[in-house]
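Here is a short tour of a structure that may be new to you. Take a look at the model before reading on.

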Amino acid sequence: MENNPREPEKSTSTLLTRSLQQHLAVIQSLLDSKLGEIERAGSLMCEALGRGHKILLCGNGGSAADAQHIAAELVGRYEQRRRAFPAIALTTDTSALTALSNDFGYEEVFARQVRALASAGDLLIAISTSGQSPNVIRAAEQARAIGCKIIGLTGGSGEPLVSYCDLSIVVPMDRTARVQEAHITIGHLWCEMIDNFCATNSTQI
C-alpha cells in the first residue's frame, strides 16, 4: 500500500505567523484589560513578603515549570540585587511528590504540602491553564482553610479555580501554549514589582 501522508493544511510560515499573532494579541489583552489585576496581585505578594510571610506555588506540567521559575526568581533575584525572599515551588521534591501521590492520590499532592508548609498570612499562587486541575483546586481549598491568600493564574473561563482565589488573572485564551506564555510574562512583571518594592521600601524589608 502506498503511503501518502496528509499534506499540512498551512505552510510553516503561515503556522508560525498565526501563533506569533496569537501571542501578541494575548499580551496586548493583558495590557488592555488585565493590568489592574496583575498590579493588585503583585501588591499582595509584596505585602506578604514585607510582613515576613512566604509564597508557595503549584501547577502541573508547564505550569509546574512556571511555579519553579517564579520561585527561583524570588529566592535568587530578578534584575536587581536584593534580599532573598522565601518562595517554595511545591513541584520539585520528587520523593514527596511520589510518596504523596502513592499514599493519598495525585489530587492531594499539593494540598498535603500546603498543610505541612503554609501558615496563616502566607500566599499561594495556584497555576492552572484550564482552571480545572483537581490537585491545584485542592491546594487552594487547603490554603484558604489555613488562612493564606490565594492568587490564581489561569485561562479560558478560569472556573472553578477562580472561585477559590482571593484574586485571579484569567488569560482570555483557550490555547494552552499561549496561556502559558502569558503566565510567565505575568510572573516576570510580579518580580519586577518586587524589585521596585525593595528599592523604594528598603527599610521595611
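Predicted model: local features only at pLDDT ≥ 70, side-chain atom pairs only at ≥ 80, totals over all residues.

Ser133 sits in a loop. Strand 3 (123–128) lies on one side of that loop and helix 5 (134–146) on the other.

Which residues does Ser133 touch, not counting those up to four places away in sequence? They are Asn60 and Ser128.

## Leu97 in helix 3

Leu97 belongs to helix 3, which covers residues 94–104. Its relative accessible area is 18%. The cut-off for buried is under 20%, so Leu97 is buried too.

Asp174 is 77 residues from Leu97 in sequence. In space, their C-alpha atoms are 28 Å apart.

Helix 1 runs over residues 12–50 and has 39 residues. A straight helix would reach 57 Å at 1.5 Å a residue. The end C-alpha atoms of helix 1 are only 48 Å apart. Where does helix 1 bend? The bend is at Lys34, by about 80 degrees.

Lys34 is also one of the buried residues of helix 1. Others on that list include Val26, Leu30, Ile38, Met45 and Leu49. Gly52 follows helix 1. The phi of Gly52 is positive, near 85 degrees.

Note on methods: Residues numbered from 1 in each chain as written. Heavy atoms only, no water. Helix = DSSP H or I, 4+ residues; strand = E, 2+ residues; numbered from the N terminus. Buried < 20%, exposed > 50% of the residue type's maximum accessible area, 1.4 Å probe, protein only. Contact = heavy atoms within 4.5 Å. Expected span 1.5 Å × (residues − 1). Bend = angle between axes of the 7 residues up to and from the residue.
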